[in-house]
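Student: I have a structure to read and some terms to learn. Can we go through it together?

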Amino acid sequence: MDCEKYKRVFDENNGIIKLSDFTKAGYHNTVIDRLIREGKVIKIRPGFYEWQYEDVISEAIIINKLYPDAIICMDSALYLYDYTERTPRAWHLAVNKNSSKSRFKIDYPKLKIYYIVEKYFKIGISEIEFEGQMLRIYNREKTICDIIRYEKKMDKEVFNKAIRSYATDSDKNVARLVEYAKLMNVEKKTKMIIGMWM
């Protein structure tokens with residue numbers, strides 16, 4: 001089977017396609033099954049397929065393609081802001097509380113999903129470039145409010161390092177931090193914790 005024409009569809013989509021991308025390009029969905037049998041393609045989750053290049057496809061591309069509605073949060077956000085040296089074992093992603101849980105059942109990459117109520121979900125959404133991809137991420141202030149909210153579930157060392165790093169970050173915005181803390185009902189705790197480091 002001449003795979004080059006099929007590979008081009010994947011190439012145009014950073015190596016990952018939805019089945020609808022493939023059929024829009026004029027190919028029948030049964031071709032995907034043949035490509036899987038020949039080891040050219042793997043199924044990531046229902047309706048999403050990845051071409052098996054020699055070089056591994058960046059996890060950031062997979063996250064962007066499969067979960068465009070998700071927002072990087074918690075440990076993953078701390079890592080991307082250089083607030084921790086610890087590489088997270090999974091991608092920490094915030095999604096709307098009403099998102100279907102079955103969407104996130106994939107083997108790779110590893111995911112840790114936070115189902116967030118609407119009023120908190122939309123606070124502080126920003127973007128960051130990582131591995132050539134623009135990823136949605138909570139800004140520094142929302143990230144700090146989140147870790148303060150979930151302090152008891154966090155590693156103490158990671159938490160303290162993140163707070164210290166934020167306190168010395170020239171890009172911090174304390175007025176915005178206090179505004180978010182009010183919205184998220186952690187104002188008193190935030191002022192007490194941040195006050196110790198500033």
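**Salt bridges, burial and backbone angles**

Tutor: The structure holds 14 salt bridges. A salt bridge is a side-chain nitrogen of Lys or Arg within 4 Å of a carboxyl oxygen of Asp or Glu. This is a predicted model, where local features need pLDDT of at least 70, side-chain atom pairs count only at pLDDT 80 or more, and totals for chains, interfaces and linings use all residues. Residues are numbered from 1 along each chain as its sequence is written, and side-chain values use heavy atoms, with hydrogens and water left out.

Student: What makes Asp169 and Arg140 a salt bridge?

Tutor: Their closest N and O atoms are 2.8 Å apart. The cut-off is 4 Å, so the pair qualifies.

Student: Which parts does the pair tie together?

Tutor: Asp169 lies in the loop between helix H8 (156–167) and H9, and Arg140 lies in helix H7 (residues 140–149), so the pair ties together parts that are 29 residues apart in sequence. Helices (H or I, at least four residues) and strands (E, at least two) are DSSP runs, numbered from the N terminus.

Student: Why is Asp169 called buried?

Tutor: Buried means under 20% relative accessible area, exposed over 50%, and partly exposed in between (1.4 Å probe, protein chains only). Asp169 has 11%, so Asp169 counts as buried. Arg140 has 22%, so Arg140 is partly exposed.

Student: How do you know that Lys142 forms a salt bridge with Asp146?

Tutor: The closest N and O atoms are 3.1 Å apart, and the limit is 4 Å. Both residues lie in helix H7, 4 residues apart, about one turn of the helix.

Student: Are Lys142 and Asp146 buried or exposed?

Tutor: Lys142 is at 1% relative accessibility, so Lys142 counts as buried. Asp146 has 6%, so Asp146 is buried too.

Student: What is the phi of Asn185?

Tutor: Phi is positive, about 60°, although Asn185 is not a glycine. Most residues other than glycine have a negative phi, and most peptide bonds are trans.

Student: Which peptide bond is cis?

Tutor: A cis bond joins Tyr108 and Pro109, with omega about -10°. Pro109 sits in the loop between strand S5 (91–96) and strand S6 (111–116).
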